[in-house]
Amino acid sequence: MLIAPSIVLKIAREFLGLSQDAVEAYSGISRSSIQRAEQGRPGILNSAVELQKFYENNGIIFLAPTDGRGWGVINNNAIGDGAQLNKLPGKPPLEVRKRSRSV
């Protein structure tokens, strides 16, 4: 399994229409790990693998580079009439919607 680069992981999340908070709530991967994976920081291989699996399980296909071309991302959820970005429940879990930031 090739691990997608950080920018491709971010694109996959955005393709699903999810915030980092929502991915944390649905996947159990901490928001800080998601941020580090999307920024390409060192030491995040396990988080990147888990993120990629989460996205693949939710309809994303990662196309590895071939013939001198870069990575590609396909959202299988957005096929047909009335397609939606993802097949996750309509509202994120309650803890995502109520998250507050300390000042």
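## Burial and Arg13

A residue counts as buried when its relative accessible area is under 20%, and as exposed when that area is over 50%. In this predicted model, Arg13 has a relative accessibility of 8% and therefore counts as buried. Arg13 is part of helix H1. Its contacts, leaving aside neighbours within four places in sequence, are Leu18, Ser19, Gln20, Val23, Glu38 and Tyr55.

## Overall make-up

The protein chain holds five helices and two strands. Read from the N terminus, the order of these elements is α-α-α-α-β-β-α. The chain has 103 residues, of which 35% count as buried.

## Helix H1

Besides Arg13, the buried residues of H1 are Val8, Leu9 and Ala12. Viewed down the axis of H1, the buried residues fall within an arc of 145°, so they line one face of the helix. An α-helix has 3.6 residues a turn, so residues three or four places apart point the same way. The cover over the buried residues of H1 includes H2, H3, H4, S1 and S2. After H1 comes Gly17, which has a positive phi, near 70°.

## The nonpolar core

The largest nonpolar core has 20 residues. Leu9, Leu18, Val23, Leu51, Tyr55, Ile60 and Phe62 are those with the most contacts inside this core. Two or more residues come from each of H1, helix H2 (20–27), H3, helix H4 (45–57) and S1. The most is given by H4, with four residues.

Tyr55 can be followed in more detail. Not counting residues up to four places away in sequence, Tyr55 touches Leu9, Ala12, Arg13, Leu16, Val23, Glu38, Ile60 and Phe62.

## How the helices pack

Two packed helices are described by the angle between their axes and the distance between the axes. For helix H1 (residues 6–15) and helix H3 (residues 31–39), the axes come within 6 Å and cross at roughly 125°. That angle makes H1 oblique to H3. On the H1 side the contact is formed by Ser6, Ile7, Leu9, Lys10 and Arg13, which meet Ala37, Glu38 and Gln39 in H3. Sorted by class, the contact of H1 with H3 has three nonpolar, two polar and three charged residues.

H3 also packs with H4, at an angle of about 95° and with the axes 9 Å apart. H3 is therefore roughly perpendicular to H4. Here Ser33, Ile34, Ala37 and Glu38 in H3 meet Ser47, Ala48, Leu51 and Tyr55 in H4. By class, the contact of H3 with H4 has five nonpolar, two polar and one charged residues.

## The loop between the strands

Strand S1 (60–63) and strand S2 (72–75) have a loop between them, and Asp67 lies in that loop. Phi of Asp67 is near 50°, a positive value in a residue other than glycine. Asp67 has a relative accessible area of 73%, so this residue is exposed. Arg13, by contrast, is buried at 8%.

Technical notes
Residues numbered from 1 in each chain as written. Predicted model: local features only at pLDDT ≥ 70, side-chain atom pairs only at ≥ 80, totals over all residues. Heavy atoms only, no water. Axes fitted to C-alpha atoms, helices over the stretch in contact; angles between N-to-C directions. Parallel < 35°, antiparallel > 145°, perpendicular 65-115°, else oblique. Contact = heavy atoms within 4.5 Å. Nonpolar A, V, L, I, M, F, W, Y, C, P; charged D, E, K, R; others polar. Buried < 20%, exposed > 50% of the residue type's maximum accessible area, 1.4 Å probe, protein only. Core = buried A, V, L, I, M, F, W, Y, C linked by side-chain atoms within 4.5 Å. Arc of directions from axis to C-beta.
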